[in-house]
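User: Hi! I'm new to looking at protein structures. Could you walk me through this one?

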Amino acid sequence: ASEGDNAELANALTRLGQVLHRHGSNDRAMKKFEEAHEMVRRLYGDDSEHVAMVCNAMAATLKNQGRIAESIAMQEKACDIIRRTQGSDSDNFASFVCNLGYLYAEKRMFAEALARFEEGLSIVRRNHPERNATEGMMLANIGNVYGMQDKHEDALGMYKKALRIFRKTLGPESVEASNAQHLIGTALSKQGKMDEALEMYEGALGIRRRALGDEHERVVEVLVHMGECKEVAGDVGGAIECFREAQ
């Protein structure tokens, strides 16, 4: 290690990069991650899990910068290191391969995305047979990939499974349950089942109003989708009402 390198500083650089990333300062975040990356490599070696954690953070920022190919390469590196250091059955590995799945989906590499999400799902189920919210998230991710391929019936099946898990693990009033209901509504609307879709949207809207408040952007999101659904169903007045409230 070089003079001035220390674990606390490397951690502080990574944390600062994460804050900057969350608030949209991606160029500044990347500079902090690059500093942290070089420092942890010097401190722990190239195959350290500390390096993997920084690579995982860098991949997310690269994605936000529109550098998808570089982001995928960085996330693949993070996955490989975690596989070697913690094993392919660790919760961290499941999380990292899920992140890789998001990137593959962004690149429209659907087969690769599904493989990663299914790998993560298998790990979570082995490690947590009692069911947990992460399983629901993985199922929703698989549904999203099906939806991106216009396989809406397959997507619907995944979203329904995710909803059952969220209701069981986090409660029927959880935001995660509302998210799954919203996804179910969208899958139904894509199949032309507007009445069923509206029922799911209304359920999601009620939960989001109670959990997040009437002015939250996730409430607006549901109102817009409800308006679109009502317009297709011929309820022009209802659609206008939804769009006005969403303004």
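Predicted model: local features only at pLDDT ≥ 70, side-chain atom pairs only at ≥ 80, totals over all residues.

User: Got it. How many helices and strands are there?
Analyst: The protein chain has 12 helices and 0 strands. Helices (H or I, at least four residues) and strands (E, at least two) are DSSP runs, numbered from the N terminus.

User: What size of box do the C-alpha atoms fill?
Analyst: Roughly 70 × 40 × 30 Å, taken along the principal axes.

User: And what percentage of the residues is buried?
Analyst: Of the 247 residues in the protein chain, 43% are buried. Buried means under 20% relative accessible area, exposed means over 50%, and partly exposed is in between (1.4 Å probe, protein chains only).

User: Now the inside. How many residues does the largest nonpolar core have?
Analyst: The largest nonpolar core has 72 residues, and Ile142, Val145, Ile184 and Met226 have the most contacts inside it. Helix 5 (residues 91-106) gives the most to this core, with 9 residues. A nonpolar core is a set of buried Ala, Val, Leu, Ile, Met, Phe, Trp, Tyr and Cys residues joined through side-chain atoms within 4.5 Å. As background, nonpolar side chains tend to be buried together in soluble globular proteins.

User: Which residues is Ile184 in contact with, leaving aside its neighbours within four places in sequence?
Analyst: Ile184 is in contact with Leu156, Tyr159, Lys160, Leu163 and Met200, once those neighbours are left aside. Contact means heavy atoms within 4.5 Å.

User: You mentioned helix 5. What about Ala105, is it buried or exposed?
Analyst: Ala105 counts as buried, at 8% relative accessibility, and its place is in helix 5. Leaving aside neighbours within four places in sequence, Ala105 is in contact with Phe110, Ala113, Val145 and Met148. Val145 is also one of the residues with the most contacts inside the largest core.

User: Where is Ala155 found?
Analyst: Ala155 is found in helix 8 (residues 152-169). Ala155 is buried, with a relative accessible area of 1%. Setting aside neighbours within four places in sequence, Ala155 is in contact with Gly143, Tyr146 and Gly147. The C-alpha atoms of Ala155 and Asn144 are separated by 6.5 Å, and these two residues are 11 residues apart along the chain.

User: And where's His37?
Analyst: The place of His37 is in helix 2 (residues 26-44). His37 counts as buried at 8% relative accessibility. With neighbours within four places in sequence left aside, His37 is in contact with Val51, Val54, Cys55, Met58 and Lys77.

User: Changing topic: how many disulfides are there?
Analyst: The count comes to 0 disulfides, taking a disulfide as a pair of cysteine sulfur atoms within 2.5 Å.

User: Last topic: what phi does Arg108 have?
Analyst: Arg108 has a positive phi of about 65 degrees, although it is not a glycine. For context, most residues other than glycine have a negative phi. Arg108 is found in the loop between helix 5 and helix 6 (110-127), and Arg108 is exposed, with a relative accessible area of 53%.

User: And the phi of Arg131?
Analyst: Arg131 has a positive phi of about 80 degrees, and it is not a glycine either. Its place is in the loop between helix 6 and helix 7 (133-148). Arg131 is partly exposed, with a relative accessible area of 36%.

How values were computed:
Residues numbered from 1 in each chain as written. Heavy atoms only, no water.
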